[in-house]
Amino acid sequence: TWREMLKMTAGSGGSAGKPVTFSSFGSGANPIISGADLMSGFVQVGSTNIWRKSGIAIVPNVVTFLNLPNFIASSSSELSLSQNGNWSWSGGTLSVYSSSGDPSNNVEAGQRNSAIDTNAKNYLTFSGLTIKGSNDAYNNTNGAGLYAHSAPNTILVNNCTITGNAGAGIIIGGTSPSFVLQDSSITFNGA
């Protein structure tokens with residue numbers, strides 16, 4: 001799992017017939033590009049099933065549990081946490097409900113607006129990847145699981161899973177003459 005934004009930089013785009021390709025290598029599960037960080041260091045609240053992690057400066061808009069298959073929305077306050085997968089954030093503290101003990105290394109919290117940002121680069125291919133955990137919940141062109149802005153040209157997304165992002169799985173900025181999405185799934189994303 002890559003837990004930093006994969007952001008194209010100056011000169012990182014491809015050219016006609018020579019795309020830059022980000023892909024899986026060998027066999028096994030698809031590589032994961034995540035806008036979320038794995039959380040550890042939770043402390044139990046008394047003898048309850050509520051666990052707290054303090055020191056989280058960025059408000060998470062998406063929190064996922066590795067042992068739960070789908071995105072579960074947050075509760076409004078720590079007091080309302082009542083089932084596995086519920087979470088809340090207040091004043092730099094993430095609270096989660098876990099009836100199976102310490103949730104450390106089982107909880108991911110969104111910390112970056114995008115998992116992948118093409119940064120207006122063209123001729124890119126993304127193949128055999130899982131793209132998840134982006135934190136931009138507002139779909140205001142600040143990010144997405146895959147954020148392709150400024151009228152991207154010749155971008156192929158093939159055999160990818162785009163899931164568990166706070167907002168859109170993919171945002172395409174402007175008019176794109178050739179953005180191709182094929183044999184991929186986009187599920188359990190936010191608005």
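**Close-up 1. Thr-130, a buried residue.** Thr-130 is buried here, with a relative accessible area of 12%. Keep in mind for this and every other view that the model is predicted. Thr-130 belongs to strand 13, which covers residues 130–132. So who sits around Thr-130? Setting aside neighbours within four places in sequence, Thr-130 is in contact with Asn-30, Pro-31, Ile-32 and Ile-33, and also with Thr-161 and Thr-163. The 12% figure is under the 20% cut-off, so Thr-130 counts as buried.

**Close-up 2. Strand 15 and its pairing with strands 12 and 18.** Let's take strand 12 to start with. Strand 12 (residues 124–127) and strand 15 (residues 155–158) run parallel and are joined by four bridges. Now for strand 18. Strand 15 also runs parallel to strand 18 (residues 179–182), and four bridges join these two. Which residue of strand 18 does Val-157 stand opposite? That would be Leu-181.

**Close-up 3. Ala-57, out in a loop.** Ala-57 sits in the loop that links strand 6 (50–54) and strand 7 (63–65). Is Ala-57 buried or exposed? Its relative accessibility comes to 72%, so Ala-57 counts as exposed; the cut-off for that label is over 50%. Zoom in on Thr-93 as well: 36 residues separate Ala-57 and Thr-93 along the chain, yet their C-alpha atoms are 8.4 Å apart.

**Close-up 4. Tyr-123 and its positive phi.** Most residues other than glycine have a negative phi. Tyr-123 is not a glycine, but its phi is positive, near 55°. You'll find Tyr-123 in the loop between strand 11 (116–117) and strand 12. Its relative accessibility is 22%, so Tyr-123 counts as partly exposed.

**Close-up 5. Phe-188, a positive phi after strand 19.** Phe-188 is not a glycine either, and its phi is positive at about 55°. Where does Phe-188 lie? Look in the segment after strand 19 (185–187). Phe-188 is partly exposed, with a relative accessible area of 44%.

Definitions and conventions:
Residues are numbered from 1 along each chain as its sequence is written. This is a predicted model: local features need pLDDT of at least 70, side-chain atom pairs count only at pLDDT 80 or more; totals for chains, interfaces and linings use all residues. Side-chain values use heavy atoms; hydrogens and water are left out. Buried means under 20% relative accessible area, exposed over 50%, partly exposed in between (1.4 Å probe, protein chains only). Contact means heavy atoms within 4.5 Å. Two strands pair if DSSP finds at least two bridges between them.
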